[in-house]
Amino acid sequence: MDPFEVRMQFIDILRKLNASQQSIQKLVSFAVKHFPPCGEDIWDCIIEETQKGSINSRINILYFLDTLCETCLMVKSNSKSERSRAANANGLYVQFVARDLTRIIESIVPEGKQGLPNLVSTKQILENWRSKRYLDPQKVDEVFTMLDARPRVSSDAPVSSSSNKRPHSPRQNLPHKEVMARFEQDRERHKRLRERRWVQPTSHNPASFQAPQLASFYPVTEPADGQEELALDIEFENEWETTSEWNEDDDDAIKEEGQLAFPYTDSEEEEMQRYRHGVKVNQA
């Protein structure tokens, strides 16, 4: 497909985007597949939709960007050849998200009552990006500061448009159909959020176990950074410095925990004692 066809097809899929994982994954796959020839064009489409789409469609785009960032960083980490590593050096679309982050958030959470429905979800996504280091934490902090600096708006306050600055009527609510659609999509998003928070891949076969891939590449701050050092980094460094070398106390602690989790019968305990005694005799 030429760039015009890619752009038209991407816009068509983007305007059908909803909160389901199937819809998000379809759009993510299309965007990643066509990044080399048409990445800039696709990104322009995303920016345009965050500016002119409905308030409900804008938050869908933010959740799409969350999955897109994670996928792009995974693609970067799994690049094998030198050519692919060079092409994915900036994390594909992650570089665009970092560059236009403030602009995106201002569109998804406009000032005034209009942006209130998207505020909490947007902060959750930003916190996820900061904790997982999808983006530079300092850049995310700047966006948080921008959101917190806005004047407090009551849910009963009149809606004002940021584009033409003309006041609207105090009661200019969304159509009932859009409200119900937002309920359903929020329910789906919250369900996915709980799954991502609690469900982790596990394997009971140690031979086939593989550590999960990290989608984070921003380093921790240096100790010389002082007040700029993140609380997460400080906590890790404190734990690292105060952790002792592995010793016999750790072996005893593991045995006690194992006994509590899987208590032995009397015969098994006697057998274990004989085994330990035999090992000590052989060592002597």
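In which handedness of crossing, left-handed or right-handed, does helix 7 pass helix 9? The views below show a predicted model, in which local features need pLDDT of at least 70, side-chain atom pairs count only at pLDDT 80 or more, and totals for chains, interfaces and linings use all residues. Residues are numbered from 1 along each chain as its sequence is written, and side-chain values use heavy atoms, with hydrogens and water left out.

**View 1. Helix 7 against helix 9.** Helix 7 passes helix 9 in a right-handed crossing, where right-handed means that the near helix is turned clockwise from the far one by less than a right angle. The two helices (DSSP runs of H or I, at least four residues) pack at an angle of about 35 degrees, with their axes, 10 Å apart, being lines fitted to C-alpha atoms over the stretch in contact and angles running from 0 to 180 degrees between N-to-C directions. Contact (heavy atoms within 4.5 Å) involves Leu-101, Thr-102, Ile-105 and Glu-106 of helix 7, together with Lys-139, Val-140, Val-143, Met-146 and Leu-147 of helix 9.

**View 2. The largest nonpolar core.** This core (buried Ala, Val, Leu, Ile, Met, Phe, Trp, Tyr and Cys residues joined through side-chain atoms within 4.5 Å; buried means under 20% relative accessible area with a 1.4 Å probe, protein chains only) has 49 residues. Its largest share, 10 residues, comes from helix 4.

**View 3. The surroundings of Phe-64.** Beyond its neighbours within four places in sequence, Phe-64 is in contact with Phe-10, Leu-17, Ile-24, Leu-27, Val-28 and Ile-46.

Notes:
Buried means under 20% relative accessible area, exposed over 50%, partly exposed in between (1.4 Å probe, protein chains only).
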